[in-house]
Amino acid sequence: MTKGNINVSVENIFPLIKKFLYSDHEIFLRELISNATDATLKLKHLTSIGEAKVEYGNPKIEVKIDKENKKLHIIDQGIGMTGEEVEKYINQVAFSGAEEFLEKYKDSAKDSGIIGHFGLGFYSAFMVAEKVEIISKSYKDEPAVHWVCDGSPEFTLEETTAKTDRGTEIILHIAEDSTEFLEDFRIRELLTKYNKFMPVPIKFGTKKETLPLPEGAAEDAVAETVDVDNIINNPTPAWTKAPSELKDEDYKSFYHELYPMQFEEPLFNIHLNVDYPFNLTGILYFPKLSNNLNIEKDKIQLYQNQVFVTDEVKGIVPDFLMLLRGVIDSPDIPLNVSRSYLQADGAVKKISSYITKKVADKMVSLINENREDYEKKWNDIKIVIEYGMISEEKFFEKSDKFALYPTSEGKYFLWNELEEKIKPIQTDKDGNLVILYATNADEQHSYIQPAKDKGYEVLLLDSPIVPHLIQKLETSKEKIQFARVDADHINNLIKKDEPVISKLNETEKESLKKTVEESINDKKFTVQLEDLDSTDAPFTITQPEFMRRMKDM
Ligand code: ADP
Ligand code: MG
């Protein structure tokens with residue numbers, strides 16, 4: 001028998017990291033800016049607890065393209081690294097300085113917003129660069145250092161006098177196959193996608209700004225324009241603030257900041273804010289949806305400490321909430337892992353059920369605060385609520401408090417109100433409540449009217465998932481039965497105190513029925529002779545309830 005250690009050499013691992021660690025090459029920039037942000041936040045923390053005795057100032061991160069020399073620079077004013085630290089943090093693949101920092105400053109730093117996790121982010125630079133340089137000067141009084149590596153496991157590290165100010169500059173020598181990352185528009189696109197709400201200001205180029213004219217300036221005075229930093233991000237997006245700091249207007253303007261191409265106003269928002277048993281913040285918006293299930297664009301965005309992770313949130317938020325918009329930010333959502341991992345992740349499951357509960361609570365408070373307004377919005381939100389009711393048991397259980405059942409006349413009932421209202425006359429001989437509904441007010445008008453004339457309430461349930469909703473209600477609630485107004489068993493369902501006296505005798509009835517049947521000549525329909533005393537129509541053409549529903553499914 002032989003025993004030994006499997007020899008994992010860096011030569012073998014390096015190409016693997018380059019190729020497979022991230023499926024998307026473009027995320028290198030997100031990773032490097034995350035590191036620059038961490039370096040800045042660490043300095044902020046160390047100065048705040050008095051461990052770093054330097055001026056924190058107003059640090060920013062700069063991204064610069066040097067197209068001519070095929071270089072991309074990422075420059076920060078954070079804590080920097082000493083030579084020893086470069087050896088420790090950079091030369092050791094998969095050693096995370098971020099985790100070490102959080103471990104060391106446990107309690108005080110737990111809300112510092114540090115992003116890093118796995119100690120692999122830095123190496124994503126080699127997905128797009130053939131050579132990477134680090135020039136860094138620590139906040140500690142030590143010489144600056146210069147590290148160079150061409151993607152092989154060999155590197156050089158030496159002291160340098162070239163950098164005198166604190167912080168780190170990463171220089172990527174962009175590889176032949178990645179020159180897209182030397183294009184202005186491409187970098188701008190990436191910064192907007194991943195870094196739009198990161199907590200440290202990010203400069204990309206400059207822009208012109210017109211200075212206001214001085215007081216009392218001559219009429220023909222020309223305003224002066226100056227170059228100012230072009231900051232691409234909003235370091236304090238609405239979801240990072242306390243709900244008490246925000247007005248309705250702030251929520252709306254953040255919505256448009258999030259979806260610049262979306263011109264419609266959201267109906268309302270839900271501010272999420274938990275710190276136990278997991279951390280999560282965010283704002284969800286109910287858009288005006290109507291019966292529109294098109295959710296291809298403007299999806300919910302997932303962030304980790306203000307870094308964009310993905311807008312493919314399937315499996316993370318419950319399906320029905322994918323109809324909403326907004327952001328969810330949680331440090332517990334891992335940045336770098338695959339979708340299937342995310343779905344199996346315990347933290348993610350808890351997040352999902354928390355959000356469901358929070359949305360249900362919000363609905364209850366909305367309807368209680370202003371029932372009239374809620375009713376007005378119902379048509380635009382019902383699809384989300386109904387979808388939630390059929391797909392999430394916990395949501396269904398609470399839905400009696402906020403799910404509305406509108407009638408064809410524009411009244412809105414909560415479930416128990418509806419029961420109370422129809423109990424006296426819409427009960428069949430077995431004591432089941434019979435709930436009449438229509439799915440299309442115009443098409444089924446000739447059935448709705450006679451039912452109304454008889455004093456029945458007719459619900460108008462017209463969203464595309466109504467057949468499923470009805471099924472859910474019938475299987476979950478006791479002694480109820482739905483019947484579409486044009487279904488054939490309606491008259492049998494409802495208890496009648498007095499027998500109906502028809503104006504036609506049996507022979508006349510038979511022949512009328514036969515004549516109508518022959519003229520419609522379609523076996524799918526049933527001709528039903530009406531109780532002629534209570535309606536003008538001598539007969540109605542109906543279909544079995546199950547066929548009505550099948551068509552809708
Ligand atoms: P992680 O961010 O998950 O810790 P990375 O591979 O992205 O891992 O980075 C490794 C470590 O290198 C960081 O934790 C940090 O200690 C150090 N580092 C990387 N970039 C910088 C930077 N711009 N300034 C200071 N330290 C940095
Ligand atoms: Mg990192």
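Which residue in β8 is the bridge partner of Lys-208? The partner is Asp-227. This is a predicted model, in which local features need pLDDT of at least 70 and side-chain atom pairs count only at pLDDT 80 or more, while totals for chains, interfaces and linings use all residues. Residues are numbered from 1 along each chain as its sequence is written, and chains are lettered from A and ligands numbered from 1 in the order in which they are written.

Strand β7, residues 202-210, pairs with β8 in the antiparallel sense over six bridges. Strands here are DSSP runs of E with at least two residues, helices are runs of H or I with at least four, and both are numbered from the N terminus; two strands pair if DSSP finds at least two bridges between them. The open sheet has eight strands in the order β5-β4-β3-β6-β2-β1-β7-β8, with mixed pairing.

The largest nonpolar core has 117 residues. Such a core is a set of buried Ala, Val, Leu, Ile, Met, Phe, Trp, Tyr and Cys residues joined through C-beta atoms within 7 Å. Helix α2 (residues 27-48) gives the most to this core, with ten residues.

Asn-305 is in the loop between β11 and β12, and Lys-479 in the loop between α14 and β18. A residue is buried if 20 or more other C-beta atoms, placed from the backbone, lie within 10 Å of its own, exposed if 12 or fewer, and partly exposed in between. Asn-305 counts as buried because it has 24 C-beta neighbours inside 10 Å, whereas Lys-479, with 11 within 10 Å, is exposed.
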